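Let's take a friendly walk through a protein model together. Have a look at the structure first, and then read on.

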Amino acid sequence: MPVVTRRNVALQPGMLHAALLDRLTRASGKSPESATARDLYDALSLAVREELTLRWLATQRRAAMGGVKRVCYLSLEFLPGRSLLNALHSLEDGLVHEARAALKAMGHDLEDIAAQEVDPGLGNGGLGRLAACFLDSLATLHFPATGYGIRYDYGIFTQVLDGEGGQREVASSWLRLRNVWEAPRGNARYLVRFGGRSVAAEGAGPADPHRWVDTQDVYAIGFDQLVPGNRGPTVNHLRLWSGRAVNPFHIDAFNAGDYHAAVREQVEAKNLSRVLYPDDSTPQGRELRLRQQYFFVSASLQDMLANHLGEGRALAALPEALAIQLNDTHPTLAIPELMRLLVDEHGIAWEEALRITRQTFAYTNHTLLPEALETWPVHLIERLLPRHLEIIYLVNRDFLLEVAARHPQDHGRQRELSLITEDGERRVRMAHLAVVGSHRVNGVARLHSELMRRQVFAGFAGLYPERFVNVTNGIAVRRWLKQSNPGLAALLTERLGHAWENDLEEIGRLAGVEQDAEFRRRFRAIKLANKRHLAEEVLRRTGVALDVDSMFDVQVKRIHEYKRQLLNLLYVVSRYLRLRDDPSADLVPRSVMFAGKAAPGYAAAKAVIKLINHVARTVNGDPAVRGRLRVAFLPDYDVSLAQRIIPAADLSQQISTAGMEASGTGNMKLALNGALTIGTLDGANVEIREHVGAQNLFIFGLTADEAAARRAAGYRPQAELDANPGLKRVLEVIESGFFGADSAEEARSLVRRLLADGEPYLVLADFAAYARAQGEADALYLDPEGWTRKAVASTVGMGYFSSDRSIREYAERIWGIVPVI
């Protein structure tokens with residue numbers, strides 16, 4: 001079996017400089033003297049990618065020759081971050097030093113050259129970043145795997161702030177220059193069909209093979225990006241699909257002067273891979289989202305079956321060859337699509353096709369919010385995917401017969417569990433389809449999995465208790481510590497060696513090191529250096545100067561009401577008012593930072609961003625609080641910006657309404673890098689508290705059960721206001737237009753939402769407890785040694801929260817796969 005060794009790799013020690021010069025002259029046609037920073041970036045990236053390609057080919061050979069089971073990870077989002085430094089670190093640290101020396105000899109800095117790379121616009125937040133962490137861990141642990149998604153031309157939007165501090169969306173231009181990290185795969189081209197009608201042979205039943213005819217067809221073209229493991233031979237790949245027309249140009253229409261008609265098919269095909277999450281506030285946007293979801297799962301499944309059959313394997317053995325993971329409900333159409341391929345294209349009997357499908361798929365649920373559990377109108381699926389609707393009906397029929405057999409005459413249970421909701425407009429419940437069509441369903445934190453079983457999928461858990469498992473999320477320590485925080489990584493390596501990079505639980509061997517004064521001193525110096533770097537970035541991006549001796553208080557995540565950026569902002573305003581009232585108040589100087597994007601159609605979230613920026617403008621311009629409080633909103637949050645913010649944070653805001661956050665991974669990244677958490681007992685915060693110690697976090701607020709009880713009793717926010725004069729004043733000041741008369745109505749709208757009876761996010765109910773926890777953080781920060789002790793304990797206690805551990809649990813509990821080296 002071929003194994004990658006130093007005899008057959010392109011980059012041997014000491015050869016990177018020569019390889020860089022070779023790619024610079026041969027691929028770019030430039031000399032070192034005439035090369036731009038971008039030319040050097042391209043040349044270095046090509047040299048590194050060629051090494052990865054050799055290792056990828058060897059990985060593919062090992063998997064094919066071994067006849068092993070592979071993972072196929074379907075996700076509408078991937079958020080990988082920049083590739084060059086990740087690849088250099090993954091191959092070996094010596095290459096990083098060689099690259100730095102080679103570029104220095106040419107008068108350039110490695111970090112400046114790496115900054116030429118634009119973050120890939122393939123994801124939005126935690127869902128996409130988790131998928132990228134999992135691909136990293138799969139390769140590091142030597143599991144053969146392929147990620148599948150969409151190659152978005154413009155990705156998620158670039159966030160800019162208008163003159164009033166509001167979010168404006170601009171098309172991302174991440175592909176405007178050559179992307180040297182991707183490789184077009186001409187052999188990975190598949191026909192994807194829409195519309196038409198489903199036709200059965202005379203006398204055939206609905207479960208018999210059908211023909212799908214009169215369709216509108218597009219091509220899906222594959223582009224691969226390589227995913228290296230850390231310090232090992234395994235390199236997997238992420239395959240992304242781009243839409244192309246079958247007939248891209250109609251010359252007859254062009255010659256007739258109808259230039260739009262000449263290219264209409266190409267435009268419509270490319271729209272499938274233009275942007276992530278098209279605004280679904282219009283019928284056209286909703287239809288495009290459904291088309292996107294089917295487009296990428298159809299192409300991916302055709303690719304999987306082509307590879308499977310090409311290796312001479314039988315379709316009946318598909319569950320022993322492939323484990324297909326659905327990352328949330330977006331890829332759920334893969335279930336009826338695989339059924340269609342097996343029954344209609346390959347003639348497999350319905351019952352056998354259903355067995356194969358169910359044993360092949362597993363589903364990860366990422367939300368407890370009912371509005372986030374996707375449903376699609378029956379009429380829309382019927383028009384775009386008529387055969388798939390027939391298959392969904394048949395799966396539902398079989399499932400409801402099973403329910404009726406177990407619970408005779410319980411028609412209410414059947415309505416509750418049906419794949420089709422009959423309440424008003426008939427819609428397909430995608431989460432129900434994912435549960436029924438999969439052999440395993442997992443939550444992503446222990447609390448989330450418990451609530452999923454007890455609430456969201458209670459009926460299904462009663463039918464199939466063995467189907468539901470938990471796999472708590474984790475993060476890729478290579479990206480989020482080794483690369484993001486080199487100072488802390490070096491300190492850990494000095495004490496532990498390099499083993500922690502591939503086994504984060506190794507840092508548990510440092511338990512008790514928080515009592516080591518010298519370790520604390522060095523830890524504190526590293527944090528201060530990181531804060532200086534971030535302060536420079538904040539000044540460059542926003543013009544806001546931060547005091548690096550102040551507490552860096554950060555909340556960086558997607559803007560959503562349940563994540564409660566508004567709770568944080570209410571406290572900022574209360575703190576500001578207190579400082580104005582009493583400039584001598586014993587309050588720790590703070591620099592409060594927000595970052596995150598709001599969905600284009602989410603008006604309330606966008607109003608929160610505008611209010612944050614109005615508050616920031618007022619606070620930062622007020623000499624009465626200068627040196628005591630600063631506020632900054634950092635626009636266009638992405639992986640690269642996160643890698644600047646997270647190592648510099650002192651306080652990590654994880655303040656979602658208990659019972660609403662599935663897990664969170666930002667909480668893990670920040671805690672690992674030595675930020676103390678202020679948060680609710682929500683998502684993975686519960687488990688973080690267990691591992692780092694309750695004494696090392698600032699926990700506040702209602703629990704999930706208490707929050708549910710408060711809603712059931714009839715939550716009245718006005719009562720909270722009546723009991724808290726300080727909070728009442730905060731809302732009055734916001735409503736008055738003090739922070740911007742030109743947007744006072746938007747601010748008043750947010751206040752009205754907070755005061756509405758039954759307000760679902762319980763912002764005001766948790767405010768008093770939140771303010772007390774903030775006071776505890778203030779008191780501790782006045783004791784630098786005490787703060788550092790807890791920060792070190794937080795880092796050392798985070799060994800459990802590695803995506804490597806998560807992937808090992810998926811492999812054991814869900815996929816049934818083994819490493820291949």
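## Buried residues and a mixed sheet

Tyr277 is buried, since its relative accessible area is 18%; buried means under 20% relative accessible area, exposed over 50%, and partly exposed in between, with a 1.4 Å probe and protein chains only. The model is a predicted one, in which local features need pLDDT of at least 70, side-chain atom pairs count only at pLDDT 80 or more, and totals for chains, interfaces and linings use all residues. Residues are numbered from 1 along each chain as its sequence is written, and side-chain values use heavy atoms, leaving out hydrogens and water.

Tyr277 sits in the loop between α8 (259-271) and α9 (283-310). Helices (H or I, at least four residues) and strands (E, at least two) are DSSP runs, numbered from the N terminus. Most residues other than glycine have a negative phi. Tyr277 is not a glycine, yet it has a positive phi of about 50 degrees. Asp636 has a positive phi too, of about 60 degrees, and is not a glycine either. Its place is the loop between β19 (629-634) and α24 (639-645).

| Residue | Relative accessibility |
|---|---|
| Asp636 | 19% |
| Asn179 | 17% |
| Cys72 | 3% |
| Cys133 | 2% |

What is Asn179 in contact with, leaving aside its neighbours within four places in sequence? Trp174 and Gln225 are its partners, where contact means heavy atoms within 4.5 Å. Asn179 lies in the loop between β4 (167-170) and β5 (182-194).

Now to the cysteines. A disulfide is a pair of cysteine sulfur atoms within 2.5 Å, and by this rule the count is zero.

Nine strands form an open, mixed sheet in the order β5-β8-β9-β2-β1-β10-β11-β15-β16; two strands pair if DSSP finds at least two bridges between them. At the edges are β5 and β16 (468-470), each pairing on one side only. Within the sheet, β10 (residues 322-327) and β11 (residues 361-364) pair in the parallel sense over four bridges, and Ile324 has Phe361 in β11 as its bridge partner.

Helix α6 (residues 126-140) lies across β1 (70-74), β2 (145-150), β8 (216-228), β9 (235-245) and β10, at about 55 degrees to β8. Axes are lines fitted to C-alpha atoms, for helices over the stretch in contact, and angles run from 0 to 180 degrees between N-to-C directions.
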